[in-house]
Amino acid sequence: MIRLKDFSRIVFFTGAGLSAESGIPTYRGKGGIWAKYDYEEYACQRAFDRDPGKVWDFHDERRRRVSACEPNEGHRIIAATEGAVVVTQNIDGLHQRAGSKAVVELHGSLWRVRCAGCRTVAGNLETPIRSRRCACGAWLRPDIVWFEDALDPATVRAAGDAIAKCDLLVSVGTSGVVYPAADLPRLALARGAVTVEINPEETPLSGLYTHCMRGSASEMLRRMA
Ligand code: OAD
């Protein structure tokens with residue numbers, strides 16, 4: 001049995017399945033966000049350029065729903081793991097709300113906005129956002145990595161650095177189909193770290209992990225704590 005206390009440099013690599021128990025839908029599969037909403041209408045720069053109001057309505061609604069959710073036991077166990085680094089694909093901010101300090105947000109955050117004109121990035125917790133325009137007059141957009149956007153190189157570097165140093169990588173609740181994020185667990189393997197996948201279902205990356213735990217995030221993390 002893998003126990004968190006037996007490792008000193010732990011990275012949690014997390015995805016939407018971790019927040020599912022908080023009531024936030026995952027992206028893929030039955031009931032998934034992309035089964036209901038076409039990303040080409042709501043989650044890419046082309047959609048925003050075409051109709052920023054529609055894209056903002058979608059994100060305002062997501063902010064409203066996520067702000068009504070609380071971190072779950074899985075987030076709390078991760079936050080209580082001393083010295084751990086969280087590399088997350090989630091944009092919901094629940095790791096931080098649970099108390100995690102070192103969080104690398106690969107896909108940005110619902111709670112930050114970026115100006116399309118002057119490029120200023122700012123935290124913003126308003127639901128709905130009071131102004132969709134920057135003081136400079138240009139549109140603000142959610143500081144999220146949408147489909148077809150590139151990941152921020154400094155963020156990817158920070159994730160890679162943490163993973164290259166870890167002795168345990170625990171992947172929690174990700175389908176492992178979105179690249180380049182899905183490449184990151186391989187770095188831990190290449191370093192000889194112990195790697196664990198927590199997911200009720202098998203994923204295309206399952207064969208890479210040294211251990212697979214089939215079950216919900218909170219229950220499996222409780223077993224490791
Ligand atoms: P997905 O929706 O692709 O996958 C969620 C995974 O969570 C699936 O493999 C489920 O089996 C698993 N799962 C469901 N319930 C779970 C539970 N209670 N405990 C543990 N696991 C559970 O979500 P991601 O892999 O996070 O990008 O998706 C990656 C990226 O694709 C997201 O960051 C998002 C999306 O497009 C952006 O929004 C930029």
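Ala 16, Ser 19, Ile 24, Pro 25, Tyr 27, Arg 62, Val 66, Asn 90, Ile 91, Asp 92 and Leu 110 line the largest cavity. A cavity is a set of points, on a 1 Å grid over the protein atoms alone, where a 1.4 Å probe fits but cannot get out; lining residues have an atom within 4 Å of a point. The model is predicted: local features need pLDDT of at least 70, side-chain atom pairs count only at pLDDT 80 or more, and totals for chains, interfaces and linings use all residues. Residues are numbered from 1 along each chain as its sequence is written, and side-chain values use heavy atoms, with hydrogens and water left out.

The volume of the largest cavity is about 70 Å³. Volume here is the space filled by probe spheres set on the grid points, which are joined across faces, edges and corners. The structure holds one cavity of 30 Å³ or more. Where does the largest cavity lie? Domain 1 (1-22 + 71-107 + 151-225) and domain 2 (25-68 + 108-144) both give residues to its lining, so the cavity lies between them. The domain bounds come from an automatic or database domain assignment. Helices α1 and α5 each supply at least two lining residues. Helices (H or I, at least four residues) and strands (E, at least two) are DSSP runs, numbered from the N terminus. By class, the cavity lining has seven nonpolar, two polar and two charged residues. Ala, Val, Leu, Ile, Met, Phe, Trp, Tyr, Cys and Pro count as nonpolar, Asp, Glu, Lys and Arg as charged, and the others, Gly among them, as polar.

Now the pockets. A pocket is an open set of points with protein on both sides within 12 Å along at least five of seven lines. The largest pocket holds about 920 Å³ of space. Its lining counts 43 residues, and Ala 16, Thr 26, Tyr 27, Arg 28 and Ser 175 lie nearest its centre. Domain 1 and domain 2 each give at least three residues to this lining. α1 (16-20) and α5 (52-67) each supply at least two. The lining has 20 nonpolar, 15 polar and eight charged residues.

The second largest pocket holds about 300 Å³. It is lined by 14 residues, with Pro 25, Ile 33, Tyr 37, Arg 62 and Arg 65 nearest its centre. Which helix gives the most to this lining? It is α5, with five residues.

Turn to the rings. Rings of Phe, Tyr and Trp (its six-membered ring) pair if their centres lie within 6.5 Å; planes under 30 degrees apart count as stacked, over 60 as edge-to-face and the rest as tilted. By this rule there are eight aromatic pairs. Phe 48 and Trp 139 make an edge-to-face pair, 6.3 Å centre to centre with 80° between the planes. Phe 48 lies in helix α4 (residues 45-50) and Trp 139 in the loop between β5 (121-123) and β6 (140-144), so the pair ties together parts that are 91 residues apart in sequence. Phe 48 is buried, at 3% relative accessible area, while Trp 139 is partly exposed, at 27%. Buried means under 20%, exposed over 50%, and partly exposed in between (1.4 Å probe, protein chains only).

The charged end of Arg 133 sits over the ring of Trp 139, 4.2 Å from its centre. A charge sits over a ring if NZ of Lys or CZ of Arg is within 6 Å of the ring centre and within 35 degrees of the ring normal.
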